[in-house]
2 protein chains.
Amino acid sequence: MLFSRGFPRISRTGLSLYQWRYSCLPASSSAFAAYHQLLCNTKPIINSSALNKYVTGHTSCGFFHEARHLIHHNATSTVEDQSDPFSLVADELSLLADRLRSMVVAEVPKLASAAEYFFKVGVEGKRFRPTVLLLMATALNMPESMSSADRLVDNLETQLRTRHQRIAEITEMIHVASLLHDDVLDDADTRRGVSSLNSVMGNKLAVLAGDFLLSRACVTLASLKNTEVVSLLAKVVEHLVTGETMQMTTTSEQRLNMQYYMEKTYYKTASLISNSCKAIALLAGQTAEVASLAFEYGKNLGLAYQLIDDVLDFTGTSTSLGKGSLSDIRHGIVTAPLLFAIEEFPQLREVVQRGFNDPADVDLVCLYVNFMLNFYCLPFVNSLCYAFLTCCVTLLRIRIKFCYIFL
Amino acid sequence: MLFSRGFPRISRTGLSLYQWRYSCLPASSSAFAAYHQLLCNTKPIINSSALNKYVTGHTSCGFFHEARHLIHHNATSTVEDQSDPFSLVADELSLLADRLRSMVVAEVPKLASAAEYFFKVGVEGKRFRPTVLLLMATALNMPESMSSADRLVDNLETQLRTRHQRIAEITEMIHVASLLHDDVLDDADTRRGVSSLNSVMGNKLAVLAGDFLLSRACVTLASLKNTEVVSLLAKVVEHLVTGETMQMTTTSEQRLNMQYYMEKTYYKTASLISNSCKAIALLAGQTAEVASLAFEYGKNLGLAYQLIDDVLDFTGTSTSLGKGSLSDIRHGIVTAPLLFAIEEFPQLREVVQRGFNDPADVDLVCLYVNFMLNFYCLPFVNSLCYAFLTCCVTLLRIRIKFCYIFL
């Protein structure tokens with residue numbers, strides 16, 4: 001399986017590798033701050049020799065030294081380059097939102113209403129994926145040869161930017177399609193702070209709207225006339241299904257296995273953003289090496305994103321997340337914070353095996369997880385930092401300027 | 001909408017245009033014979049001037065005269081060329097079935113079981129679409145320049161045949177994916193004479209298995225490296241969804257409208273085979289005109305297929321169809337035989353509007369429809385003949401030899 005071939009194994013051996021500046025804050029603010037910082041300007045304090053040990057699996061020690069050198073070398077410009085990544089592409093995101101609404105228009109009125117449900121103003125979500133992809137496109141679309149003001153080059157750049165925007169739109173359509181089907185599978189009542197589509201229009205229309213968005217995404221993909229990119233993103237849909245099925249059919253042994261959890265997380269969350277990042281690189285005509293780095297960046301960002309999301313499911317509120325708190329555990333889904341808590345408090349294993357039908361068990365688990373997140377969170381932070389650092393280091397290899405948008 | 005732009009309007013004006021040799025047989029045998037003959041060797045008795053009137057919308061009168069001349073010219077070889085089309089590609093279909101089983105293997109055991117459910121030996125269905133597509137491939141893959149035994153040409157032919165087989169496999173995967181989702185939407189208990197997947201493994205796995213098959217179809221499509229073909233077949237998925245939504249959201253007025261019914265039928269049934277036929281032509285490097293004719297052939301064959309299927313829903317048995325008789329009407333779906341019956345017996349309109357909740361209404365409608373099919377079936381046969389004849393005439397324009405496989 002993909003994960004066992006290429007993914008890092010996350011264990012407690014790296015427990016003392018990092019310090020986390022927010023580890024002593026109350027859990028909810030800590031997690032939210034981490035999430036915010038992930039997208040803005042956090043730099044964890046690095047023990048480079050330990051990181052080298054982790055990075056060895058992917059690349060050479062020399063590479064990491066080079067990366068650290070680059071961070072140091074550019075340190076003076078860090079402050080001036082720090083920006084809110086969302087504001088950098090805000091105008092473009094607004095156009096993208098308009099285009100998405102026009103792309104999902106269907107001939108049959110009910111299907112049109114269902115398909116546009118999550119593209120309407122106010123329920124478009126964070127638009128995290130389009131933001132990352134447009135920024136990735138900016139980073140990769142600046143080869144030296146395009147520095148002149150030549151009109152032809154300008155035209156090519158505009159065409160390439162349009163194709164990159166299509167990737168961002170396709171990614172968002174695949175993402176929303178998966179949300180629609182997931183909500184049917186989970187009998188979800190809410191999504192993005194509003195009623196879920198299945199609860200408003202019924203399961204049948206939600207399933208059909210999901211299929212419709214997938215087919216529109218595929219038609220748009222075909223219009224890009226790059227079969228490697230079609231193949232990449234078609235594979236993502238398979239991964240989304242695989243991840244969802246893994247979650248649905250988990251055995252009691254798999255449920256307590258971190259490796260299984262991370263593999264499922266790759267399929268369910270990280271595959272879409274990682275393969276889309278790679279698609280951006282391929283369309284930009286970058287080398288296979290850069291495309292692979294773009295993939296690695298997306299994969300690690302996706303994993304980090306999900307880990308934070310899992311924390312927020314324990315600590316967040318309905319307002320901050322747009323969904324009910326503890327929704328995972330109430331559906332019997334065991335996520336990273338609980339898996340780490342079990343490592344520290346093995347007695348929780350028995351509680352998990354009882355299946356959370358008793359509200360008292362849910363309360364007990366929350367108590368332990370929150371305790372761990374507040375006062376004992378290093379194992380979790382370890383894996384988060386690893387994923388985050390890999391993102392940053394990968395980015396450094398792609399383009400320093402882009403790296404500092406995120407760092 | 002597509003239908004209003006290009007489709008024939010079917011009305012009672014052509015009621016006396018054709019004679020149908022089976023019109024005096026009992027309904028079930030008549031319908032089954034028509035279905036059988038559609039694929040084998042029936043030639044309706046033609047009133048050419050009337051047909052010209054119909055065909056004018058698509059092509060010139062001269063074209064039809066040419067077609068009739070070709071039928072006459074080749075009449076002497078008809079008997080020796082008559083073959084069971086299924087047996088002509090039986091070996092290839094068997095290999096295709098094996099390949100389909102290997103293509104839908106998934107990493108997660110439950111997903112693998114769900115995805116392969118309708119590809120297992122014994123529940124593969126009639127394999128009508130792969131048969132038609134492989135025969136179409138044979139017909140289109142015989143340009144004069146390939147008559148030599150040249151090794152290079154042989155290689156090219158083999159490669160092209162492999163690509164055509166992929167189209168047949170993709171089409172079957174899209175078809176089965178739509179069946180899986182349709183069965184969830186309809187809460188169906190049986191399919192192909194066995195329990196439906198949703199009734200065996202639940203709605204969730206059936207939805208996911210459908211998504212999985214769509215993504216595998218898309219990955220295979222991408223491997224053909226022809227973006228026009230990707231676009232064609234991605235559009236089909238959208239059509240399937242559109243047709244299903246039209247059926248689900250029909251107003252009482254639309255329910256009694258033949259134009260609406262035929263449009264829905266194109267989306268639900270004919271789009272897949274017509275666009276797949278076109279894909280076969282495009283991959284064979286045929287001209288846009290031939291590709292368009294291949295599309296027309298598939299469209300009319302698909303419509304004829306559905307019209308016969310609608311008759312069988314009234315007259316067939318569970319054994320012959322692999323699904324419960326009267327399943328359409330029991331779900332409140334009004335199909336062509338009933339629409340024709342309403343034209344003859346307007347009092348049925350009121351029964352339809354009551355919604356078939358009363359079993360006595362179902363019995364009453366069946367009585368009228370069967371009466372019409374047995375003794376008064378010309379309007380229905382008229383449209384069937386039209387669709388069938390358009391198939392044949394289109395085929396004649398493509399290749400005489402292939403035409404006689406079906407005629």
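Biologist: Let's start here: why does B:E238 count as buried or exposed, whichever it is?

Modeller: Buried means under 20% relative accessible area, exposed over 50%, and partly exposed in between, using a 1.4 Å probe and protein chains only. B:E238 has 5% relative accessibility, so it counts as buried. Before we go on, this is a predicted model, where local features need pLDDT of at least 70, side-chain atom pairs count only at pLDDT 80 or more, and totals for chains, interfaces and linings use all residues. Residues are numbered from 1 along each chain as its sequence is written, chains are lettered from A and ligands numbered from 1 in the order in which they are written, and side-chain values use heavy atoms, with hydrogens and water left out.

Biologist: Which residues does B:E238 touch, leaving out those up to four places away in sequence?

Modeller: Its contacts, meaning heavy atoms within 4.5 Å, are A:F212, A:S215, A:R216 and A:V219.

Biologist: What makes A:R216 and B:E238 a salt bridge?

Modeller: The rule asks for a side-chain nitrogen of Lys or Arg within 4 Å of a carboxyl oxygen of Asp or Glu. Here the closest N and O atoms are 2.5 Å apart, so the pair qualifies. Across the interface of chain B and chain A, the rule finds two salt bridges.

Biologist: Which helices of chain B supply at least two residues each to the side that touches chain A?

Modeller: They are α8 (109-116), α10 (151-186), α12 (203-223), α13 (227-248) and α15 (258-283). Helices here are DSSP runs of H or I with at least four residues, numbered from the N terminus. The largest share, 13 residues, comes from α13(B), and B:E238 lies in that helix.

Biologist: How much area is buried between chain B and chain A?

Modeller: About 3600 Å², with carbon and sulfur atoms giving 74% of it. Buried area is the accessible area (1.4 Å probe) that two parts lose on being put together, summed over both. In residues, 36 of chain B are in contact with 36 of chain A.

Biologist: Now over to chain A: why is A:L111 called buried?

Modeller: Its relative accessibility is 0%, so A:L111 falls on the buried side of the cut-off. A:L111 sits in helix α8 (residues 109-116) of chain A. Leaving out residues up to four places away in sequence, A:L111 touches partners in both chains, including A:L205, A:F212, B:V241 and B:T245.

Biologist: And what share of chain A is buried?

Modeller: Buried residues make up 61% of its 407 residues.
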